[in-house]
Amino acid sequence: MILHQMFFGISLISLSFILLMLVIFVSGVVLAWFNQKNKFSDYITYIPTALTSLGILGTFTGIVIGLWTFDLNQIDISIAALLDGLKTAFVTSIFGIFLSIFFRLLGYILPKPIINGTINR
């Protein structure tokens, strides 16, 4: 039940940030695996920073959305919108930081592809 609420209660903005982070993460893993001549090493080293930065951007976006719709005259109604904005903030932060750490760990855990009889590092 909690997972159902967690995934189906996500706003479109949160989902957009999450999908963008997933695309960057997957492209980084694929490029790191096939980086035969270190063509993409600058991009690959920037991926953890990009994921964390997108998480932080999602945090501020969620806070701004929550505060933008907040009305002191109608606090009962405004609290729901504020909490939705905060949910976006926390979900995008956690997801960005998690993917950044996971990407760094994959660099150490996964074996490198073997090219011409030697391991490509």
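Student: Why does Ile101 count as partly exposed?

Tutor: Buried means under 20% relative accessible area, exposed means over 50%, and partly exposed lies in between (1.4 Å probe, protein chains only). Ile101 has 48% relative accessibility, so Ile101 counts as partly exposed. Please keep in mind that this is a predicted model, in which local features need pLDDT of at least 70 and side-chain atom pairs count only at pLDDT 80 or more, while totals for chains, interfaces and linings use all residues. Residues are numbered from 1 along each chain as its sequence is written, and side-chain values use heavy atoms, with hydrogens and water left out.

Student: What makes Lys87 and Asp84 a salt bridge, and how far apart are the closest N and O atoms?

Tutor: A salt bridge is a side-chain nitrogen of Lys or Arg within 4 Å of a carboxyl oxygen of Asp or Glu. For Lys87 and Asp84, the closest N and O atoms are 4.0 Å apart, and the pair forms a salt bridge. By this rule the count comes to one salt bridge.

Student: Where do Lys87 and Asp84 lie in helix α4 relative to each other?

Tutor: Lys87 and Asp84 are three residues apart in helix α4, which means that about one helical turn separates them. An α-helix has 3.6 residues a turn, so residues three or four places apart point the same way. Lys87, at 37% relative accessibility, counts as partly exposed, and Asp84 is partly exposed as well, with a relative accessible area of 44%.

Student: How do you know that the length of helix α2 agrees with its number of residues?

Tutor: Helices are DSSP runs (H or I, at least four residues), as are strands (E, at least two), and they are numbered from the N terminus. The expected span of a helix is 1.5 Å times one less than its number of residues. Helix α2 (residues 12–33) has 22 residues and should span 32 Å, and its end C-alpha atoms are 31 Å apart, which agrees.

Student: Which residues of α2 are buried, and what puts them on the same side?

Tutor: The buried residues of α2 are Ser14, Phe17, Ile18, Met21, Ile24, Phe25 and Gly28. They cover an arc of only 130° around the axis, taken from the directions from the helix axis to the C-beta atoms, and therefore they lie on the same side of α2. The face of α2 turned away from that buried side carries the exposed residues Leu12 and Val23. What covers the buried residues includes α3 (41–68) and α4, where contact means heavy atoms within 4.5 Å.
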